[in-house]
Amino acid sequence: MHRSTEVLVEAPNWTPDGEWLVVNGDGKLFRVAVTGGELQEIPLGGVPPVNNDHVLSPDGATVYVSAEDGHLYAVSAGVARRVSNDRGEGFKHYLHGVSPDGRTLAYIGMDRRGITNVCTVPAAGGDDVQITDDAYAGDGAEYSADGRWIYFNSERAASVPGHAQLFRVPAAGGVPEQLTDDERVNWFPHPAPDGSAVAYVSFPPGTVGHPADVADVRIRLLTADGGIREVATVFGGQGTMNVPSWSPDSNSFAYVAYPL
């Protein structure tokens with residue numbers, strides 16, 4: 001099913017009730033009915049402009065966003081509060097996941113040197129926990145449906161710069177486990193709610209980072225038995241599927257393709 005809009009929207013979340021998609025555009029958040037319709041702006045309570053890193057609480061009552069000031073915010077019924085802590089000059093938080101019980105947020109922390117690591121912070125506020133501690137470029141930290149794992153992409157196995165693959169690490173900390181190993185550049189793993197598959201964005205070989213406006217971006221599924229299935233090829237990349245986007249019944253997921 002395809003829906004179109006003239007607004008440059010990114011990063012769809014599927015709401016837990018199955019009725020809406022939440023997207024960002026122009027520093028704002030919007031929702032649009034899964035069946036189609038007009039974009040409806042979501043009040044953010046004075047939060048600074050947001051980027052394409054946003055997630056919904058398991059009950060759908062709260063949206064968590066990454067803002068351009070580098071911090072994480074929770075917004076419920078139009079009232080905002082900051083969740084993230086001050087972690088030093090220039091430190092930025094990039095939000096990608098919320099635990100199944102709604103208590104913990106998974107994010108990528110980037111320090112002033114540009115070094116990134118998988119981190120968590122309580123959704124209600126509290127101390128951060130750094131899950132990985134290395135200098136490998138990584139992104140897309142997202143919980144498994146059972147809360148035991150955090151999935152992410154990383155260059156830790158790369159022999160050339162930019163060659164990211166998919167990994168997972170125990171949510172309590174431990175040794176990362178590599179999940180993909182191929183010639184393409186794989187980003188943003190999204191585990192299905194029923195644990196049956198992981199949807200992700202696959203860039204052409206030689207891609208560095210996750211740029212926009214790439215002609216051969218593939219949406220793939222990593223199945224529970226380790227197989228890989230092609231779902232779609234789109235013009236896109238950045239903004240196509242940055243955040244959790246599965247329907248609550250695990251039968252569908254949302255992504256964004258951009259016109260040539």
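Trainee: In the hairpin of β10 and β11, which residue takes a positive phi?

Mentor: Gly 114 does, with phi near 90°. Five residues sit between the two strands. This is a predicted model, where local features need pLDDT of at least 70, side-chain atom pairs count only at pLDDT 80 or more, and totals for chains, interfaces and linings use all residues. Residues are numbered from 1 along each chain as its sequence is written, and side-chain values use heavy atoms, leaving out hydrogens and water.

Trainee: How many bridges join β10 and β11?

Mentor: A strand is a DSSP run (E, at least two residues), numbered from the N terminus. Two strands pair if DSSP finds at least two bridges between them. β10 and β11 (residues 116-122) have seven, in the antiparallel sense.

Trainee: Why is β10 largely enclosed?

Mentor: Buried means under 20% relative accessible area (exposed is over 50%, partly exposed in between; 1.4 Å probe, protein chains only). In β10 (residues 104-110), five of the seven residues are buried, so the rest of the structure largely encloses the strand.

Trainee: Is Asn 153 buried or exposed?

Mentor: Buried, at 1% relative accessible area. Asn 153 belongs to β14 (residues 149-154).

Trainee: Which backbone atom does its side chain reach?

Mentor: The side chain of Asn 153 reaches the backbone nitrogen of Phe 188, at 3.1 Å.

Technical notes. Helix = DSSP H or I, 4+ residues; strand = E, 2+ residues; numbered from the N terminus. Polar contact = N/O pair within 3.5 Å; in protein donor to acceptor, adjacent residues only side chain to side chain.
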